[in-house]
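Here is a short briefing for a reader new to this structure. Lead points come first, and details follow by topic.

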Amino acid sequence: MAVIRDVMPAFELFQPNSIADAQKLLQQHGADAWIMAGGLDSFDWLKDRIKRPKAVVDLSGIGELKGVRVSGDGIEIGAMTTLTEVVKHPVIREKYSLLAEGAELAASPQIRNQGTIGGNVSQDTRCWYYRGGWPCYRAGGNICYADTPTGRNREHAILHAERCVAVNPSDSAPALIALDAKFVLRTPKGERIVDAEDYFIGPDIDITRLHILKPGDLLTAIRIPSTWAGARFYFEKVRDRNVWDFALLNVASAMHVSGNTIESIRLSVNGAAARPLRLRAVENAVRGKPATTATGEMAGRLAVQGAVPLQFNAYKIPLMRNLVKRAIGGVEEAKWAS
Amino acid sequence: MGILKPITEWATSPWGQNVPIHIAWFLIWVAALAGLLFLIVHSIYVRYFAKREEFAGSAPTTLAAVLPKQIPRHSLAARLFHWIMAGAMFTLLVTAFLPKVGVRFDWVTYHWIAGTVLTVSIIFHIIHASFWLDFWAIWPDKADLVDALRRVRRFMGRPAPPPRRFAKYPLENKLYHGAIIATGLSAIGTGVFMLFRVRTIFFTRNPYLFSDMTWGMMYVLHGLAGVGLIGLVMVHVYFAVRPEKLDITKSMIFGSMRREFYLTHYDPQRWRVEASGSPSRSEGD
């Protein structure tokens with residue numbers, strides 16, 4: 001069981017100052033190595049003494065992994081760039097404000113100062129049964145404690161649950177999927193670039209991980225093409241309290257609109273499944289239609305098709321329906337009769 | 001539980017109990033290597049050391065004139081069952097163990113569907129074999145044991161008369177069938193209950209159907225049966241492709257075997273074939 005202690009279990013600490021050195025260390029230690037970015041997820045695991053890696057590779061000293069680089073075809077964000085830097089970067093605020101909004105809604109200012117974009121997309125799920133150290137599927141066991149008649153599953157998945165019903169907690173992930181970002185990985189076989197949506201995996205593929213990184217792999221940068229720069233964006237995060245909380249659900253959309261007709265759109269939600277979902281069916285359905293409330297309602301209904309609520313999270317279905325509706329049709333202001 | 005410790009993985013349940021959660025996955029490699037080792041040793045033995053097969057008496061050549069050229073052995077229903085079961089078994093092994101050795105894909109759905117097909121086919125087989133075939137043909141009898149003893153004594157260079165020709169199924173087949181029954185039914189029996197842990201069309205999920213210890217033992221038994229089947233399937237495929245067994249393999253495809261093969265290896269008294277060519281009741285399974 002999780003017993004929070006002040007002293008972490010012993011491990012060997014490595015602090016490389018180049019990507020090449022980090023890769024060597026990761027390959028050398030394989031599955032025994034733990035990659036630490038900002039440390040916000042890592043220290044929880046280590047202080048709870050649930051994860052006990054033999055080697056921790058701290059990436060904070062690698063300059064190559066930090067900063068935002070602007071090119072003619074978009075931007076490249078180093079994986080160790082803090083969320084605060086992402087939020088405050090003028091080009092991101094001007095052209096890719098969807099990401100700035102998503103990143104700004106993550107946690108608290110202090111956490112955003114320390115947390116990194118790479119860590120935010122790669123962090124582990126917050127399911128408390130799993131984080132509590134219980135031997136659930138995700139921890140290598142044979143049961144999901146949340147998916148039981150009495151399990152506390154208010155925050156858990158309504159879509160694509162496969163034995164495990166944990167959800168991905170990232171706020172920046174859906175924004176990056178909507179912006180058609182590419183994730184740059186360094187693997188033992190060389191550099192690999194994957195679409196943002198393909199970086200994340202569900203329990204049907206691997207029940208113990210939320211992303212495709214294998215031992216020895218490293219996320220080095222996130223590239224955002226200029227395709228969606230300055231598009232019409234929408235980001236909304238719903239949480240129990242408006243500071244320092246993980247999303248119950250969030251939605252991110254990027255639309256190219258001509259007149260009021262949706263020419264093209266990318267739409268993603270997170271908090272509904274173990275991976276952020278790109279809603280392709282919805283995108284196809286609304287393309288060529290007016291960006292109105294009626295289209296939004298149709299899109300919302302389509303978005304939740306196939307959703308299966310657990311004992312305590314049925315509210316997520318109308319919530320997701322409405323978030324998708326607002327992402328497409330906009331937010332209707334409250335109308336006062338008098 | 002002591003003997004299980006080295007071959008199982010354990011965890012602490014929310015109630016503080018130490019419970020097994022599944023087999024240790026290195027057993028996959030142990031089973032595969034054991035199967036491979038058997039294949040290598042057997043093929044070397046057959047190639048360099050084995051003596052020519054000898055049976056008591058001579059083949060009844062007079063029968064050749066009255067028997068059909070192709071001796072019916074497996075009915076269409078029996079063959080369909082065999083190949084459906086084989087397809088389900090391969091699917092089960094691939095979907096169970098490839099993810100454990102690093103090949104990631106959506107395996108659970110394929111696994112429980114293949115398990116369902118296997119279960120239904122086994123139920124069919126039990127009913128079919130009990131009421132339409134010679135149920136006892138696949139179980140060892142006294143003659144099998146006497147002949148086995150003769151073969152062992154001769155193998156060790158001790159005096160013994162040559163063994164008789166086989167009944168429809170040699171003792172090795174019968175023992176293999178017994179091993180498949182033990183492992184297969186263990187996997188199926190536990191697998192049916194494990195369907196309560198995943199979302200299927202059959203049951204409402206109920207992971208609290210049993211205690212954590214019972215569930216754990218069920219997962220361990222399922223895993224042990226599964227790795228056992230790795231070795232058994234390897235051995236089965238190996239014998240199926242061995243040149244001297246090809247007549248038997250072909251009979252599982254086409255339903256019959258050559259008359260010469262039948263007369264050389266089988267005892268017409270123990271596996272009766274109608275002279276007209278129509279199979280007797282003990283045939284066609």
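W34(A) stands opposite V56(A) in strand 3 of chain A. Strands (E, at least two residues) and helices (H or I, at least four) are DSSP runs, numbered from the N terminus. This is a predicted model: local features need pLDDT of at least 70, side-chain atom pairs count only at pLDDT 80 or more, and totals for chains, interfaces and linings use all residues. Residues are numbered from 1 along each chain as its sequence is written, while chains are lettered from A and ligands numbered from 1 in the order in which they are written.

**The parallel sheet of chain A**

- The pair W34(A) and V56(A) belongs to strand 2 and strand 3 (residues 55-58) of chain A, which run parallel and are joined by 4 bridges.
- Two strands pair if DSSP finds at least two bridges between them.
- I35(A) has V57(A) as its bridge partner in strand 3 of chain A.
- Strand 1 of chain A also pairs with strand 3 of chain A, in the parallel sense, over 3 bridges.
- L13(A) stands opposite V56(A) of strand 3 of chain A.
- Together, 3 strands of chain A form an open sheet with parallel pairing, in the order 1-3-2.
- Strand 1 (12-14) and strand 2 (33-36) of chain A are the edge strands, and each pairs on one side only.
- From one strand to the next, the twist averages 25 degrees.
- Helix 1 of chain A packs on this sheet and touches strand 1, strand 2 and strand 3 of chain A.
- The direction of helix 1 makes about 165 degrees with that of strand 3 of chain A.
- Contact here means that the C-beta atoms of two residues, placed from the backbone, lie within 7 Å.
- Axes are lines fitted to C-alpha atoms, for helices over the stretch in contact, and angles run from 0 to 180 degrees between N-to-C directions.

**The antiparallel sheet of chain A**

- An open sheet of 5 strands in chain A has the order 4-5-8-6-7, with antiparallel pairing.
- Strand 4 (68-71) and strand 7 (190-195) of chain A stand at the edges with a single partner strand each, so one side of each has no neighbour in the sheet.
- The twist in this sheet averages 20 degrees from one strand to the next.
- Strand 6 (residues 182-187) and strand 7 of chain A pair in the antiparallel sense over 6 bridges.
- L185(A) stands opposite R192(A) in strand 7 of chain A.
- Helix 1 (residues 19-29) of chain A packs on this sheet, touching strand 6 and strand 8 (218-225) of chain A.
- The directions of helix 1 and strand 8 of chain A make about 130 degrees.

**Chain A as a whole**

- Chain A has 13 helices and 12 strands.
- Its C-alpha atoms fill a box of roughly 65 × 55 × 40 Å, taken along the principal axes.
- A compact globule of 338 residues would have a radius of gyration near 20 Å, and chain A agrees with 20 Å.
- That radius is taken over C-alpha atoms, and the globule rule is 2.2 Å times the number of residues to the power 0.38.

**A helix pair in chain A**

- Helix 12 (residues 293-303) and helix 13 (residues 316-329) of chain A pack at an angle of about 145 degrees, with their axes 7 Å apart.
- Their crossing is right-handed.
- A crossing is right-handed if the near helix is turned clockwise from the far one by less than a right angle, and left-handed if anticlockwise.
- The residues of this contact divide into 5 nonpolar, 6 polar and 5 charged.
- Ala, Val, Leu, Ile, Met, Phe, Trp, Tyr, Cys and Pro count as nonpolar, Asp, Glu, Lys and Arg as charged, and the others, Gly among them, as polar.

**Chain B**

- Helix 4 (residues 107-131) and helix 6 (residues 171-194) of chain B have axes that come within 11 Å and cross at roughly 120 degrees.
- The crossing of helix 4 and helix 6 of chain B is left-handed.
- G115(B), L118(B), T119(B) and I122(B) in helix 4 of chain B meet G184(B), I188(B), G191(B) and V192(B) in helix 6 of chain B.
- By class, this contact has 4 nonpolar, 4 polar and no charged residues.
- Strand 1 (residues 8-12) and strand 2 (residues 18-23) of chain B run antiparallel, joined by 5 bridges.

**Between the chains**

- In chain A, 13 residues are in contact with 17 residues of chain B.
- The side of chain A that touches chain B has 5 nonpolar, 3 polar and 5 charged residues.
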